[in-house]
Amino acid sequence: MKKFPLGEYLATEGTQQKLADALGIQQSAVSQMARSGRNIEITVHADGQIEANEIRPIPARPKRTAA
């Protein structure tokens with residue numbers, strides 16, 4: 001199993017279209033993820049399966065304060 005940040009994966013391992021096909025999503029969604037600067041991690045399993053996960057802090061959104 002290998003893990004890559006999204007940008008590194010796209011630069012070294014494949015294209016946006018290949019990643020989109022492997023994940024079952026549109027190429028435009030991969031493009032949007034790459035441009036947004038989100039912390040996306042690509043995992044390539046030994047059997048060739050590819051998955052993507054977003055690493056986010058908990059809680060993802062700051063608490064609202066009463067005005």
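Q: Contact means heavy atoms within 4.5 Å; with that settled, what covers the buried residues of α3?

A: The cover includes α1 (6–12), α2 and β2. Helices and strands are DSSP runs numbered from the N terminus (helices: H or I, at least four residues; strands: E, at least two). The model is predicted, so local features need pLDDT of at least 70 and side-chain atom pairs pLDDT 80 or more, while totals for chains, interfaces and linings use all residues. Residues are numbered from 1 along each chain as its sequence is written, and side-chain values use heavy atoms, without hydrogens or water.

Q: Which residues in helix α3 are buried?

A: Val30, Ser31 and Met33 are buried in α3, which spans residues 27–36. Buried is under 20% relative accessible area, exposed over 50%, and partly exposed in between (1.4 Å probe, protein chains only).

Q: What follows α3?

A: Gly37 comes next, with a positive phi near 80°.

Q: Changing topic: what order do the strands of the open sheet have?

A: The three strands run in the order β1-β2-β3, with antiparallel pairing; pairing requires at least two DSSP bridges. At the edges lie β1 (2–5) and β3 (50–54), each of which pairs on one side only. Neighbouring strands are turned by 25° against each other on average, direction ignored.

Q: Which helix packs on the sheet, then?

A: Helix α2 (residues 16–23) does so, touching β2 and β3, and its direction makes about 95° with that of β3. Such angles run from 0 to 180 degrees between N-to-C directions of lines fitted to C-alpha atoms, for helices over the stretch in contact.

Q: How many bridges join β2 to β3?

A: Five bridges link β3 to antiparallel β2, which covers residues 40–44. Among them, Glu41 is partnered with Asn53, and Val44 with Ile50. The hairpin has five residues between these strands, and Gly48 in this hairpin takes a positive phi near 95°.

Q: Does Thr43 count as buried or exposed, and why?

A: Thr43, a residue of strand β2, counts as buried because its relative accessibility is 3%.

Q: What does Thr43 touch?

A: Leaving aside residues up to four places away in sequence, Thr43 touches Met1, Lys2, Lys3, Gln49, Ile50, Glu51 and Asn53.

Key. Contact means heavy atoms within 4.5 Å.
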